[in-house]
Structure formats: C-alpha cells, structure tokens
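User: I would like to learn how to read a structure like this one, feature by feature. Please give the general idea before each case.

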Amino acid sequence: MDIRTLATEMDSIVAQGAIVEAVEKYFAEDANTSDYNQVTTAGKAQMVEKMEGFAGAIAKVNGIELHGTFVDGNVTTSEFTFDFLMKDDSKVYWHEIIKRVWNDQGQVIHEEYFNA
C-alpha cells in the first residue's frame, strides 16, 4: 500500500474521533512525537497512553474537520481543526498541521504537530 493511501486512511480514522485507534494501527513501535508545546513521546506505547488520557478527558466532540492531506515521498502533512468540550468544562479548539514521516513498512516513525 502506498503512503497516500495509508495517510488518507489514518486521517479518516482521526476525523471520526478514533485517535487512539489510529495510533495503535499506524504507528511503528519506536515512533516518536513532538508538539508546539515541547511535549514529546518516545515509542508507540507512550503515545497510546498519552492519547488514551486525552481521549478520556473529552466530554463531547463538537467537531473534527480534516481540511486536507498532502504527500511528498514518505512525508505527509494533514490539516485538522479539532473542537472539544473537556470533562473539566474547558474547551479545546486546535487548528493544526500534523507532519508524519513514514517508514518502508507503512508505519509512522515520527509525528510532529504545528499550530496553524
């Protein structure tokens, strides 16, 4: 399967709110992540744990919009807007670019988040 197909499938899962499932399915065991708040993860297990904690704190998904997925070789970028009401009554509204680097086995080895 090519990177474009994999990225499109992963983004479709994320757009449905199944963020944990997307990480479980597409991340390599040694994948790492970083975001614009300097929060990093090392390994798929750590990222799954982080996403489970985040997903568990969501009271309501107001919307997840995928604006586009772009592919250049083994690097993809996806633009999303996430709108959540959290269980502590705070609101999360993120417009972000997610950059992913994929390995030859069709797994994400690096994911980085940029505030758009």
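Analyst: Helices (H or I, at least four residues) and strands (E, at least two) are DSSP runs, numbered from the N terminus. In the protein chain their order along the sequence is α-α-β-β-α-β-β-β-β, that is, 3 helices and 6 strands. This is a predicted model, in which local features need pLDDT of at least 70 and side-chain atom pairs count only at pLDDT 80 or more, while totals for chains, interfaces and linings use all residues. Residues are numbered from 1 along each chain as its sequence is written, and side-chain values use heavy atoms, with hydrogens and water left out.

User: What radius of gyration does the protein chain have, and what would a compact globule have?

Analyst: The radius of gyration is taken over C-alpha atoms, and the globule rule is 2.2 Å times the number of residues to the power 0.38. For 116 residues a compact globule would come out near 13 Å, and the protein chain agrees, with 13 Å. Along the principal axes, its C-alpha atoms fill a box of roughly 40 × 30 × 25 Å.

User: How do I read burial and contacts?

Analyst: By relative accessible area, buried means under 20%, exposed over 50%, and partly exposed in between (1.4 Å probe, protein chains only). Of the 116 residues in the protein chain, 41% count as buried. A contact means heavy atoms within 4.5 Å. Taking contacts between residues at least 6 apart in sequence, 44% join residues at least 24 apart.

User: How many positive and negative side chains are there?

Analyst: Lys and Arg count as positive and Asp and Glu as negative, while His and the chain ends are not counted. The place of a charge is NZ of Lys, CZ of Arg, CG of Asp or CD of Glu. The protein chain has 9 positive and 20 negative side chains, and the centres of the two sets are 4 Å apart.

User: How many aromatic pairs does the structure hold?

Analyst: Rings of Phe, Tyr and Trp (its six-membered ring) pair if their centres lie within 6.5 Å; planes under 30 degrees apart count as stacked, over 60 as edge-to-face and the rest as tilted. The structure holds 6 such pairs. One of them joins Phe54 and Trp94, which is stacked because the ring centres are 5.2 Å apart and the planes are at 20°. Phe54 lies in helix 3 (residues 44-56) and Trp94 in strand 5 (residues 91-102), so this pair ties together parts that are 40 residues apart in sequence. Phe54 is buried at 18% relative accessible area, whereas Trp94 is partly exposed at 32%. The rings of Phe82 and Phe84 are also stacked, because their centres are 6.0 Å apart and their planes at 25°. Both Phe82 and Phe84 are buried. Ring pairs link Phe54, Phe80, Phe82, Phe84 and Trp94 into a cluster.

User: Where is Gly56?

Analyst: Gly56 is in helix 3 and is partly exposed, with a relative accessible area of 39%. Gly56 and Val20 are 36 residues apart in sequence and 10 Å apart in space, C-alpha to C-alpha.
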